[in-house]
Amino acid sequence: MRAKISYAITAAVLVVYFVLVGSRGVLLIRSGTLLTVTFGVAVLILPVIGVWFLWKNTQFVRRANALAAELDAEGGLPVDELKRLPSGRVDRDSADEVFARRKAETEAAPDDWRTWFRLAVAYHDARDTPRARKAMQRAIALHDGRPVQV
């Protein structure tokens, strides 16, 4: 729940920022000189890119949460079996062991979105965020029946 609240607050702050930047871009365009109009258009591009990125990220999070809920209903969510250090951080050897099992499971059933979801969790536990995201994107695509990019 804390992650959802943090995400909502961050998204709201970004939207406010986009509005402020966009209003500055409009003011620059209204000035009417070639230089200010050029800068105004350039400034307006930033909020457009930001809104697109926020939208795509929000869609990704919603789809991943929907898969988690579906997997939870099936009783297939991965159990946290990682050993932790006294500091609370995940023991690297434990994460590697779980990752090896999840990878083998995914290689045995490469068309099952469930195995890709669990592999994404293992990547996340190993602090490999880019691969975790790609594995989750693959799980989402397989679940939705969309073609999977290799």
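Arg 114 and Glu 74 form a salt bridge, with their closest N and O atoms 2.8 Å apart; the term covers a side-chain nitrogen of Lys or Arg within 4 Å of a carboxyl oxygen of Asp or Glu. Because Arg 114 lies in helix H4 (residues 113-125) and Glu 74 in helix H2, the pair ties together parts that are 40 residues apart in sequence. Please keep in mind that this is a predicted model, where local features need pLDDT of at least 70, side-chain atom pairs count only at pLDDT 80 or more, and totals for chains, interfaces and linings use all residues. Residues are numbered from 1 along each chain as its sequence is written, and side-chain values use heavy atoms, with hydrogens and water left out.

**Salt bridges**

- The structure holds nine salt bridges.
- Glu 74 and Arg 114 also belong to a salt-bridge network that includes Asp 112.
- Arg 114 is partly exposed at 26% relative accessible area, and Glu 74 is partly exposed too, at 42% (buried means under 20%, exposed over 50%, and partly exposed in between, with a 1.4 Å probe and protein chains only).
- Another salt bridge joins the side chains of Arg 118 and Glu 105, at 2.8 Å from N to O.
- This pair links distant parts of the chain, with Arg 118 in helix H4 and Glu 105 in helix H3 (residues 92-108), 13 residues apart.
- Arg 118 is buried, with a relative accessible area of 14%, whereas Glu 105 is partly exposed at 26%.
- Arg 131 pairs with Asp 128 in a salt bridge whose closest N and O atoms are 3.3 Å apart; Asp 128 is partly exposed, at 21% relative accessible area.

**Helix packing**

- Helices here are DSSP runs (H or I, at least four residues), numbered from the N terminus.
- The axes of H1 and helix H2 (residues 34-74) come within 7 Å and cross at roughly 160°; axes are lines fitted to C-alpha atoms over the stretch in contact, and angles run from 0 to 180 degrees between N-to-C directions.
- That angle makes H1 roughly antiparallel to H2, a label for angles over 145 degrees.
- H1 passes H2 in a left-handed crossing, meaning that the near helix is turned anticlockwise from the far one by less than a right angle.

- Val 13 lies in helix H1 (residues 2-31) and counts as exposed, at 54% relative accessibility.

Note on methods:
Helices (H or I, at least four residues) and strands (E, at least two) are DSSP runs, numbered from the N terminus. Angles under 35 degrees count as roughly parallel, over 145 as roughly antiparallel, 65 to 115 as roughly perpendicular and the rest as oblique.
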